[in-house]
Amino acid sequence: HGARMAWRNAAKCSNRKFWSELQLLDARNVTTPADMFAVCLEVLERALHSCVTTANIAVFRPQTPGKADGPRVWNNQLLRYAGYADPDTGKPIGDPVEMDFTRMVMEDFGWSPPGGKPGRFDALPVVLQAHPDEPPQMFEVPEQYMMRVPIRHPTNDAFAALKLEWYAVPAVANIELAVGGILYTAAPFNGWYADTEIVRNLTDEGRYNLCAEVASKALGLETKSDATMWRDRAIVEIDAAVVHSFREAGMGMVDHHTLMKNFHTHYYRELDKRGFCPGNWKWILSPISPTASKCYLGLSKMTEYTIKPGYWYAPGWKKYRAALQSRGSQQPGMQHSTPDAAPTAAAAVAETAAIATAAPAAHDAKHTVVLAYATVTGNTQQFAVAVAGILSRCKPLKVLLLNMEDFEPDSWAASLQAASLVLLMCSTYGPGAPPSGSAKFFGWLAGSKDRELEAVLSGKPFSVLGFGSSSYPRFAAAADLLHSLMLAAGAKAMLSPAKADALAG
């Protein structure tokens, strides 16, 4: 309730009409950066599973009253593109607002651009810190969570040649939540985009600054004279392209006209129910065609003031980094979780068998392979039984076949701990969710205390085989999530997630 009320009181948010629908992930028991990352992925997973039509917040443990000892998310947002300075011209490549953060992860964590050279839309890693006295860790965001939306215009094909894109989920990370005298210093929050947010990201002079490029290359406008209104025309056409592209991708977004109508209704409803509604006029108003809304004049006397519960901007990564350096920690810890190219399902089975039989058998004792599966229609179960049969014919091996629907923490922990190798087979339901029967197992991986998982899975060899359909944008996404959760729990991946495509027969 406190998190919802904080959204209701957020004076700069124009989309808070839906405050009562905010969903909470209670992560107050999380104590490690790896577990924090798993929770952050769960926020993104929930958003994407709803096609970005739900608002979700993860709340980590609060700081001790009077002590600045709370966990921290260093990023401004969970998803952002990197920013670089061109070594020859000094001009920005990517998102200029993230140039300092990009430089920091390259210098402190050894991060490098995907492909070895700076790109326009390189996904930044996430940096998490469980306690101010402990070094932060860096995590690569699996590609399926980016959910990149190519920007295409409904009538102008020249837009496609510009190769523009934006990610589907806005997830603010540099905020703190104050509720009942308690301060939660890490509370990443996702909603859904208003069209103008992405338009500003692409056109503001301090961001991608694409007005001139779009005007000249896509619209054929003269940009030497302001009299052609080339900036205005570029912004409007970019807006049309953004709205069209998100609708084509099936991702949630609200256009600025609908947003202003919704907020106008919400504002006066709040006045009627509560007697007040804080608001910052210049933040609430749409930056595109503001005078087209009755909010322009009707809400011009709206006042911003502080109400608790509330959200505040966190101090930020620069202060966190300076504090570490003042204590003599020059090189924060780091962790990578970037998947390589996925092998084929057949190759994965063959290589898994080779890995499983390669280990020497001490005193001829059999090595146990745990093969756990999650299925919706039964197809994954059939393949799991078949693979178990193949592996059982390898003399040094004993195969334990488990259905995730039957998950029980104690017995499964014992079986996993005793296993020489863990194989996980998982289908994907709908646009990217794991089968409902696997929820307890996935939740255990994401929510168990770090010491429990460390005892069971630390260094444990594993491999994941996913089943799905490439007709979905996030092909076999449940397998990628399972792979990430196992990595975060300390297990050792033997292969990148393999994927079997239903469209390939």
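## Cores, sheet and aromatic pairs in a predicted model

The protein chain has 18 helices and 22 strands, and the model described here is a predicted one. Of the 505 residues of the protein chain, 52% count as buried. Among contacts in the protein chain with a separation of 6 or more, 73% are between residues 24 or more positions apart.

### Nonpolar cores

The largest nonpolar core has 123 residues, and those with the most contacts inside it are Tyr311 and Phe441. Helix 2, which spans residues 33-49, supplies the largest share of this core, namely 11 residues. A second, separate core has 16 residues, including Val387, Ala388, Leu397 and Leu421.

Leu25 is found in strand 1, residues 23-27. Is Leu25 buried or exposed? Its relative accessible area is 8%, and because buried means under 20%, Leu25 counts as buried. Not counting residues up to four places away in sequence, Leu25 touches Val39, Glu42, Val43 and Arg46, and also Asn56, Ile57, Ala58 and Val59. Leu25 and Phe60 are 35 residues apart in sequence, while their C-alpha atoms are 8.8 Å apart in space.

### An open antiparallel sheet

Strands of a sheet pair through backbone hydrogen bonds, either parallel or antiparallel. In this model, 3 strands form an open sheet in the order 12-11-16, with antiparallel pairing. Strand 12 and strand 16 are the edge strands, each pairing on one side only, and the twist averages 30 degrees from one strand to the next. Strand 11 and strand 16 run antiparallel and are joined by 4 bridges; the bridge partner of Ile175 in strand 16 is Tyr313.

| Strand 12 | 182-184 |
| Strand 16 | 310-313 |

### Aromatic pairs

A pair of aromatic rings is described by the distance of the centres and the angle of the planes. The structure holds 23 aromatic pairs. One of them, formed by Tyr81 and Trp166, is edge-to-face, with 5.1 Å from centre to centre and 85 degrees between the planes. Tyr81 lies in the loop between strand 3 (72-73) and strand 4 (83-85), whereas Trp166 lies in strand 9 (residues 165-167), so the pair ties together parts that are 85 residues apart in sequence. Both Tyr81 and Trp166 are buried. Ring pairs also link these two residues with Phe121, Tyr167, Tyr193, Tyr208 and Phe246 into a cluster.

### Helix 15

Which residues of helix 15 are buried? In this helix, which covers residues 409-418, Trp412, Ala413 and Leu416 are buried. Seen down the axis of helix 15, the buried residues fall within an arc of 105 degrees, so they line one face of the helix. The face turned away from this buried side carries the exposed residues Asp410 and Ala418.

Terms used
Residues numbered from 1 in each chain as written. Predicted model: local features only at pLDDT ≥ 70, side-chain atom pairs only at ≥ 80, totals over all residues. Heavy atoms only, no water. Buried < 20%, exposed > 50% of the residue type's maximum accessible area, 1.4 Å probe, protein only. Helix = DSSP H or I, 4+ residues; strand = E, 2+ residues; numbered from the N terminus. Arc of directions from axis to C-beta. Core = buried A, V, L, I, M, F, W, Y, C linked by side-chain atoms within 4.5 Å. Contact = heavy atoms within 4.5 Å. Pairing = 2+ DSSP bridges. Axes fitted to C-alpha atoms, helices over the stretch in contact; angles between N-to-C directions. Phe/Tyr/Trp six-rings, centres within 6.5 Å; stacked < 30°, edge-to-face > 60°.
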